[in-house]
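User: I would like to learn how to read contacts between domains and the lining of a pocket. Could you take me through both, with the general idea before the case?

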Amino acid sequence: MPSHNYFTSSIGKKQITAITGLGLVGFTAAHLAGNLLILVGADAFNAYGHGLISNPLIYVAEAILLAMFVTHIVMAALVTIQNTAARGKRYYIKNRSGHGETIASMTMPYTGIIMLVFIILHLINFKYGAHYETTVDGVVMRDLFKLVVEYFSNPLYVAWYVFAMIALGLHVGHGLQSSLQTWGLNHPSYTPKVKMISVAYGVLVAIGYSGLAVYCYFLN
Amino acid sequence: MSNVEQMLTLNLKIWRQDDRNDKGRFVDYKLEEVSTDSSFLEMIDMLNDELVKEGKDPVSFDHDCREGICGSCAMMVNGQAHGPNALTTTCQLHMRSFSDGDTIVIEPWRSRAFPVLKDLRTDRSAFDKIIAAGGFISVNTGNAQDANNLPVNKENADRAMDAASCIGCGACVAACPNASAMLFTAAKMSQLALLPQGEVEAAERASNMVREMDELGFGNCTNHAECEAACPKGIDLRNIAHMNREFLKSKVSGK
């Protein structure tokens, strides 16, 4: 039996999954805020992107982000594998109580896998995608706006993006409130409100990201 | 449903398994003249009487007090731990909750940590092992003293009493999609950690009980709350949050 410490324990693995997940929820908010500049216009969006990548601290931020993603995925995968093994033989019929599991909570491993596939494609498409150039206020910079509008001119790409963002919304809708419970924060009057805020945030990110994709489709 | 006694004819689909190593199978039975006033276990008793008369092996199931406090009568009834009624053990479930002609599927708890011994009976000694790992108070509390010397606030007293109402039936493990024993472990930990005598060893207790729980092969809580919904005693998820805090404290303080 391997030694039992915080990192090998059930609760430790859950708490690490939860804290990295919370960090990633923060990232979804920051990324969405940046994307909203698409509504302002091409120059504002491109200037923001240029500002980000020309700051040397971006490498530190990216390293932290990558570490959070990898840790979150590894810990969640370990927990899921153990949970499947713990169940053993499946029930012939299993009726849910209606007061426990939700679509979001049941599909966490699946929405997580969709997010992983999405993020890899997203990086290939955009971060490492075609390099167009534009000039804003005399500064030559990458024209990411053009690339974004180009991708979202394809309705199939928009459909896949919206599908992935619904998965994201479900994932964070359960994940946000679940992470607080895992860190021991549960209060009879605050917890029901936290659950509502968590679901509302899930809906907000799904609609926010998807809405911008649809907006870009109609820009064409 | 009505309050007047009726007689039901039921189709039962019951899990039969000879021993730990047997693969097991469902067997269908038809049972007639079941009173709506009888309890679910009395209904199985009726079936067993018939099976014995026919020279067949009766359905093996655990039962003891038949008044909802011992936690023995573990079984899944139509895919729900202890059947369809909230806050009810199988022995307190009555046949008036069913209708004439119903098919009722009865299965044992399914969890790697609760192997099936025979038919509906499972080996739940894993729970005893979790208790043995730390579900007790070992500090010397001295002689009996005046009750008011140890002030306990009302909220903690209530929460400790609620946690202590756990009967260790295993419905939480059975209902959890991950077969996690965290609600049980948390209740057994909270009932002590919330009171002055138990608080002293709270962190160490959390560490030892969680280690035992993990090593026995139970799953991890993913905050679905199916356990809370299935619990016949209404043990709530706050206990798990409390355990998560105590466990973290134990690791931070090195206990």
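Analyst: Contact here means heavy atoms within 4.5 Å. In this predicted model, 18 residues of domain 1 of chain B are in contact with 19 residues of domain 2 of chain B. The domain assignment places domain 1 of chain B at 7-117 and domain 2 at 124-252, and their C-alpha centres are 29 Å apart.

User: How much area do domain 1 and domain 2 of chain B bury between them?

Analyst: The size of an interface is often given as the accessible area lost when the parts come together. For domain 1 and domain 2 of chain B that area is about 1,400 Å², with 63% of it on carbon and sulfur atoms. On the domain 1 side, the residues that lose the most area to domain 2 are Leu87(B), Ala113(B) and Phe114(B), which together account for 35% of what that side buries.

User: How many salt bridges are counted between domain 1 and domain 2 of chain B?

Analyst: The count between these two domains of chain B is one salt bridge. A salt bridge joins the side chains of Arg124(B) and Asp62(B), at 3.4 Å from N to O.

User: And what is the volume of the second largest pocket?

Analyst: Rolling a probe the size of a water molecule over the atoms shows where empty space is left. The second largest pocket has a volume of about 680 Å³. It is lined by 35 residues, and the closest to its centre are His174(A), Gln177(A), Thr191(A), Lys195(A) and Asn223(B). By class, that lining comprises 14 nonpolar, 16 polar and five charged residues.

User: Which helix of chain A gives the most to this lining?

Analyst: Helix 9 of chain A does, with nine residues.

How values were computed: Residues numbered from 1 in each chain as written. Chains lettered and ligands numbered in written order. Predicted model: local features only at pLDDT ≥ 70, side-chain atom pairs only at ≥ 80, totals over all residues. Heavy atoms only, no water. 1 Å grid on protein atoms, 1.4 Å probe; cavity = no way out; pocket = protein on both sides within 12 Å on 5 of 7 lines; lining within 4 Å. Points joined across faces, edges and corners; volume = space filled by probe spheres on them. Helix = DSSP H or I, 4+ residues; strand = E, 2+ residues; numbered from the N terminus. Nonpolar A, V, L, I, M, F, W, Y, C, P; charged D, E, K, R; others polar. Domains from an automatic or database assignment. Buried area = accessible area lost by both parts, 1.4 Å probe. Salt bridge = Lys/Arg side-chain N within 4 Å of Asp/Glu carboxyl O.
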